[in-house]
Structures are given as C-alpha cells and as structure tokens.
Amino acid sequence: MDIHGYYKQAGNFHGHLCPGLAIGVRAAFEAGQALGSQMADRHNHIQCLAESAACWLDGIQFVLGSTFGNGALKIDDTGKSAFSFYNPETGESLRYYLLDLPREKPREELIDYILSAPLEKVFCRTPVRRPFPPRGEKAAELICPGCGEKFRADRALYREGQALCPHCG
Ligand SMILES: [Zn+2]
Ligand SMILES: [Zn+2]
C-alpha cells in the first residue's frame, strides 16, 4: 500500500481526514521504511515517543501498529511537534522534527504536500534526544483511606500521615 492508501485508511480509524493525521502517517511511514526492514513480524512494533498529543497520534498508531495499549507509543510532552522512533530489535533510532509547513495552501494541497513533498521539506531528521522509556515496573498498591479504592503506591499523596489517592489527596 502506498502512503496515500495508508492515509485514506487511517482516516477511517481517526474519524476524519486532516493535516495532523497526514503528519503522523508520513512520519510513521518514513520511520517504518528507515528502521523497519528487519522487523520480522508485527508483534514487535517500532516504538514511538511523540513530543505532543494531536491528530498525528492516530496516524502513527494506524501505520505502525504502535499503540498506547501495546506500550509501543508514549508521550514525552515537550510541546514540540517531533517524533522519535526506535527499532527495539536493532537498536536503531531516529527523530523527526516537523518543519514549518505552507499552511497558506488550500487544505487538500497542504495534505498532499505533507504526504508527498521531499522528506527534508517536511521533517528535520535528528538523533533521538532520549531512549524509549522502559516498561513501567509493577508498582506496589495501596488502599486509599479516603475512597477505599486500590491505587499505585507511587501515585500517593501524603496528608497528615495518610497515603491518599490522587482523587482524595
Ligand atoms: Zn484530525
Ligand atoms: Zn481516594
């Protein structure tokens, strides 16, 4: 499937077609080509650390199958439009930082530009700034004396010697 095919199908997943979705599809598509050739199966996903949350997350999830649920997509909220990709099998990684886009273009032309302009006009490729965060350790749990619900101990808020959950603290 070519990138336009991925974009159309990602639109069904996302619920609408938009420039943000196109950005995610392009970044993931290129990262998949650059890092993914050795990926034998879809159970070992390319990992993505996105630096802000927007429509592009669905493009990434759709193209690479890297999701919040399977742990291969995480947010490191720097407020930048940038995406780091990691191949956990080979250790290779890269980061795409979104360049200024010709936003004055009509929407359809802008989307086409995002999907098919030369890559170096859409993203600046840099080394990743940090490794992909390791899977969260299974944390100890506490029962909140305020609401009686169980929660992760490392989220506890302490008040008057009591360990309260984030709702009650
Ligand atoms: Zn959207
Ligand atoms: Zn509570």
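**Close-up views of a predicted model**

**View 1. Strand 3 and its antiparallel partners.** Strand 3 and strand 4 (residues 93-98) run antiparallel and are joined by five bridges. The model shown here and in the other views is predicted. In this pairing, Phe83 stands opposite Tyr96 of strand 4. The two strands form a hairpin with six residues between them, and there Gly91 has a positive phi near 80 degrees. Strand 3 also pairs with strand 1, again antiparallel, through four bridges. Here Cys48 is the residue opposite Phe85 of strand 3.

**View 2. The two faces of strand 3.** How many of the five residues of strand 3 are buried? Five of the five are buried, and the strand is mostly covered. In a regular strand, side chains alternate between the two faces of the sheet. Ala82, Ser84 and Tyr86 lie on one side of strand 3, while Phe83 and Phe85 lie on the other. Both faces are covered, with buried residues on each.

View 3. Is helix 3 (residues 56-64) largely enclosed or largely open? Nine of its nine residues are buried, so the helix is largely enclosed by the rest of the structure. The buried residues run from Trp56, Leu57 and Asp58 through Gly59, Ile60 and Gln61 to Phe62, Val63 and Leu64. A residue counts as buried when 20 or more other C-beta atoms lie within 10 Å of its own. After the helix comes Gly65, with a positive phi near 70 degrees.

**View 4. The largest nonpolar core.** This core has 33 residues, and those that touch the most other members are Val25, Ala27, Cys48, Ile60 and Val63. Two or more residues are given to the core by each of helix 1, helix 2, strand 1, helix 3, strand 3 and helix 4 (107-116). Helix 2 provides the largest share, nine residues. Around Val63, residues up to four places away in sequence are left out of the count; those it touches are Tyr6, Ala10, Val25, Ala28, Phe29 and Gly32.

**View 5. Leu157 in strand 8.** Leu157 belongs to strand 8 (residues 157-159). Is Leu157 buried or partly exposed? Leu157 has 14 C-beta neighbours inside 10 Å, so it counts as partly exposed. Apart from neighbours within four places in sequence, Leu157 is in contact with Leu164, Pro166 and Gly169. Asp100 is 57 residues from Leu157 along the chain, and their C-alpha atoms are separated by 42 Å.

**View 6. The whole chain, for orientation.** The protein chain has five helices and nine strands. Their order from the N terminus is α-α-β-α-β-β-β-α-α-β-β-β-β-β. The chain is divided into domain 1 (3-126) and domain 2 (137-169), and the C-alpha centres of these domains are 37 Å apart. Along the principal axes, the C-alpha atoms fill a box of roughly 60 × 35 × 30 Å. Of the 169 residues in the chain, 30% are buried. Among contacts between residues at least 6 apart in sequence, 57% join residues at least 24 apart.

Note on methods:
Residues numbered from 1 in each chain as written. Chains lettered and ligands numbered in written order. Buried ≥ 20, exposed ≤ 12 C-beta atoms within 10 Å, placed from the backbone. Domains from an automatic or database assignment. Contact = placed C-beta atoms within 7 Å. Core = buried A, V, L, I, M, F, W, Y, C linked by C-beta atoms within 7 Å. Pairing = 2+ DSSP bridges.
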